[in-house]
Amino acid sequence: MTEQDRDGFETAMAVHYPRLVARLTLVVRDPQEAQDLVQETMLRAWREWGTLRHDDVGGWLHVVGLRLALDELRGR
């Protein structure tokens with residue numbers, strides 16, 4: 001990953017992190033669990049960063065985060 005990619009990743013995460021935590025908190029009803037799910041979402045984004053469309057990274061993050069949250073709810 002280039003420094004430019006890393007900067008783009010960090011910027012995208014800073015922009016989307018708060019909103020994603022808020023949304024997942026509404027879903028799982030636990031702020032700490034929501035933060036853990038967002039961290040997993042960010043890790044997956046990091047791994048896939050080279051293949052993601054950067055103009056729609058917010059949508060990708062929210063879909064992946066919501067799927068992780070729903071999986072967590074099903075597992076309860």
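Three salt bridges are present in the structure, a salt bridge being a side-chain nitrogen of Lys or Arg within 4 Å of a carboxyl oxygen of Asp or Glu. The model is predicted, so local features need pLDDT of at least 70 and side-chain atom pairs count only at pLDDT 80 or more, while totals for chains, interfaces and linings use all residues. Residues are numbered from 1 along each chain as its sequence is written, and side-chain values use heavy atoms, with hydrogens and water left out.

Confidence was examined along the chain. The pLDDT is the predictor's confidence in each residue, from 0 to 100. The protein chain averages 94, and 100% of the residues score at least 70. Helix H1 (residues 3–28) has the lowest confidence, at a mean of 94. The highest is in H2, at 97. Helices here are DSSP runs (H or I, at least four residues), numbered from the N terminus.

The salt bridges were then taken in turn. Glutamate 40 pairs with arginine 44, and their closest N and O atoms are 2.9 Å apart. Both residues lie in helix H2 (residues 31–48). They are four residues apart, about one turn of the helix. Accessibility was classed by relative accessible area: buried means under 20%, exposed over 50%, and partly exposed in between (1.4 Å probe, protein chains only). Glutamate 40 is partly exposed, at 27%. Arginine 44 is also partly exposed, at 34%.

A second bridge joins arginine 53 to aspartate 55, with the closest N and O atoms 3.0 Å apart. Arginine 53 is exposed, with a relative accessible area of 56%. Aspartate 55 is exposed as well, at 62%.

A further bridge links arginine 74 and aspartate 71, where the closest N and O atoms are 2.7 Å apart. These two residues belong to helix H3 (residues 57–75). Because they are three residues apart in that helix, about one helical turn separates them. Arginine 74 is exposed, at 63% relative accessible area. Aspartate 71 is partly exposed, at 45%.

The structure holds two aromatic pairs. Rings of Phe, Tyr and Trp (its six-membered ring) pair if their centres lie within 6.5 Å; planes under 30 degrees apart count as stacked, over 60 as edge-to-face and the rest as tilted. Phenylalanine 9 and tryptophan 46 form an edge-to-face pair, 5.0 Å centre to centre, with 75 degrees between the planes. This pair links distant parts of the chain. Phenylalanine 9 is in helix H1 and tryptophan 46 is in helix H2, 37 residues apart. Phenylalanine 9 is buried, at 9% relative accessibility. Tryptophan 46 is partly exposed, at 38%.

Phenylalanine 9 also pairs with tryptophan 49. Their ring centres are 5.2 Å apart and their planes lie at 85 degrees, so this pair is edge-to-face. It too links distant parts of the chain, with phenylalanine 9 in helix H1 and tryptophan 49 in the loop between H2 and H3, 40 residues apart. Tryptophan 49 is buried, with a relative accessible area of 3%. Through these ring pairs, Phe9, Trp46 and Trp49 form a cluster.

Nonpolar packing was considered last. In soluble globular proteins, nonpolar side chains tend to be buried together. A nonpolar core is a set of buried Ala, Val, Leu, Ile, Met, Phe, Trp, Tyr and Cys residues joined through side-chain atoms within 4.5 Å. The largest such core has 19 residues, of which Met13, Leu24, Trp49 and Leu61 touch the most other members. At least two residues of this core come from each of H1, H2 and H3. H1 gives the most, with seven residues.

Contacts (heavy atoms within 4.5 Å) were listed for two residues. With neighbours within four places in sequence left aside, leucine 61 is in contact with Met13, His16, Leu20, Thr41, Met42 and Ala45. Threonine 41 is found in helix H2. Threonine 41 is buried, at 0% relative accessibility.

Aspartate 5 is found in helix H1. Aspartate 5 is partly exposed, at 29% relative accessibility. Aspartate 5 and threonine 51 are 46 residues apart in sequence and 11 Å apart in space, C-alpha to C-alpha.
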